[in-house]
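Trainee: Could you take me through this structure, giving the general idea of each feature before the case itself?

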Amino acid sequence: MSDDRVQELRAQIDAVNLQILELLNKRAAIAAEIGKVQMQMGVSFYDPAREAFMLHQLEKHNKGPFSNETIKALFREIFRASMALEEQQAKAKILVQRKSPDQRTVITLPDGTQIGAGDFTIITGPCAVESIEQMEETAAALATRGVKILRGMAYKPRTSPYDFQGMGEQGLQIARQVANKHGMFITSEIMDQSQIPMFMDYVDIFWIGARNMQNSFLLRALGKINKPVILKRGLSATLEEFLYAAEYIVSSGNPNVILIERGIRTFEKWTRNTLDIGGVAVLKLESHLPVVVDISHSAGRRDIAKPLARVAKASGADGLMVEVHPNPPVALSDAKQQLTIPEFHALMDEITDRETAF
Ligand code: PEP
Ligand code: MN
């Protein structure tokens with residue numbers, strides 16, 4: 001075969017390549033269009049019956065020289081690439097998904113305090129409001145360390161219905177009074193959307209606890225208010241489920257969501273939950289929302305608070321959440337994990353003075 005003949009055939013191949021390229025992209029555009037419709041319908045992109053039908057059609061019409069097996073392998077690759085494109089498109093539509101490396105949601109409180117802007121935010125206070133004296137003693141100590149966001153928990157989702165359930169509205173009143181005195185903001189867990197009007201009177205930042213993470217009615221309702229929302233990861237929620245829960249709030253109109261990793265259920269018993277620090281790093285990568293690490297409920301014990309606080313800070317999280325009580329042994333809930341006030345001071349020293357500890 002002469003060199004000219006090879007050149008001529010190669011030119012034909014080049015032309016066919018371009019035709020295939022055009023057809024592949026034409027096919028991809030149609031598949032992407034199907035993906036959009038499927039997304040609106042809320043159905044899965046992957047349809048095994050449809051794939052089997054297409055492969056069967058190709059087999060029926062294949063005149064060679066490629067074998068049916070080769071054709072099927074090539075087209076399976078094309079199907080896979082189309083699916084990846086559809087999935088990428090679907091992901092790009094997710095509002096809480098980070099679209100560029102520098103995209104970040106910064107939450108600004110009425111006095112200009114920011115969460116997610118680069119500072120390490122401390123959210124703290126007792127597990128539950130128990131009395132005005134308990135809140136006052138705690139808040140006074142926290143205020144000396146510049147804490148701005150105070151836990152004012154008045155409704156406690158306890159495992160047993162016979163355990164302390166929180167002080168209710170009276171607890172919110174106490175929290176508000178104490179926070180006002182010390183120039184702090186109140187965050188408090190809401191149990192049900194019927195409580196929203198009442199909470200609006202007392203609370204600066206709404207809080208959805210782990211047990212309510214997938215309460216889509218509550219999530220949607222808090223998407224319609226104009227105050228920030230803290231959302232905790234569910235007890236056994238995957239990161240994807242966690243971000244979809246946040247998406248309920250954001251897609252309903254409220255962009256100001258803070259995520260809290262609070263440990264997940266594993267077989268481990270020496271900690272109350274397993275702190276998923278890898279998950280924190282992934283959340284920071286995948287989402288532009290601020291991420292805070294709860295070092296109290298993830299551990300269930302106070303003796304590892306310091307290392308966990310260091311880990312939280314080193315993970316790239318936007319802050320930490322820790323429970324503090326003036327007298328933990330007599331606390332009405334979570335007695336084992338709440339820090340004493342001196343322990344809290346020591347923890348703050350650890351993360352503020354020892355920047356080079358890592
Ligand atoms: C809390 O932080 O007050 C709490 C109840 O934790 P969780 O919802 O993570 O169990
Ligand atoms: Mn608690």
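Trainee: How many bridges join strand β3 to β10?

Mentor: Helices (H or I, at least four residues) and strands (E, at least two) are DSSP runs numbered from the N terminus, and two strands pair if DSSP finds at least two bridges between them. Here five bridges join β3 (residues 121-125) to β10, the two running parallel, and Ile122 stands opposite Leu320 of β10. Before going on, note that this is a predicted model, in which local features need pLDDT of at least 70 and side-chain atom pairs count only at pLDDT 80 or more, while totals for chains, interfaces and linings use all residues. Residues are numbered from 1 along each chain as its sequence is written, and chains are lettered from A and ligands numbered from 1 in the order in which they are written.

Trainee: Which residue of β10 is the bridge partner of Asp294?

Mentor: Three bridges join strand β9 (residues 291-294) to β10, again in parallel, and the partner of Asp294 is Met321. The chain passes from β9 through helix α10 (residues 305-314) to β10 in a right-handed β-α-β crossover, meaning that, with the strands pointing away from the viewer, the path from the first strand over the helix to the second runs clockwise.

Trainee: Why is β10 described as largely enclosed by the rest of the structure?

Mentor: A residue is buried if 20 or more other C-beta atoms, placed from the backbone, lie within 10 Å of its own, exposed if 12 or fewer, and partly exposed in between. In β10 (residues 319-323), five of the five residues are buried, so the strand is largely enclosed. Gly319, Met321 and Glu323 point one way, whereas Leu320 and Val322 point the other way.

Trainee: Which residues touch the most other members of the largest nonpolar core?

Mentor: A nonpolar core is a set of buried Ala, Val, Leu, Ile, Met, Phe, Trp, Tyr and Cys residues joined through C-beta atoms within 7 Å. The largest one has 76 residues, and Leu150, Ala175, Leu231, Ala246, Leu259 and Leu320 touch the most other members. Helix α8 (residues 239-251) gives the largest share of this core, seven residues.

Trainee: What is the phi of Asp334, and where is Asp334 found?

Mentor: Most residues other than glycine have a negative phi, and most peptide bonds are trans. Asp334, in the loop between β10 and α11 (341-353), has a positive phi near 50 degrees. Asp334 counts as buried because it has 20 C-beta neighbours inside 10 Å. Elsewhere, a cis peptide bond joins Gly64 and Pro65, with omega about 10 degrees, and Pro65 is found in the loop between α2 (48-61) and α3 (68-92).
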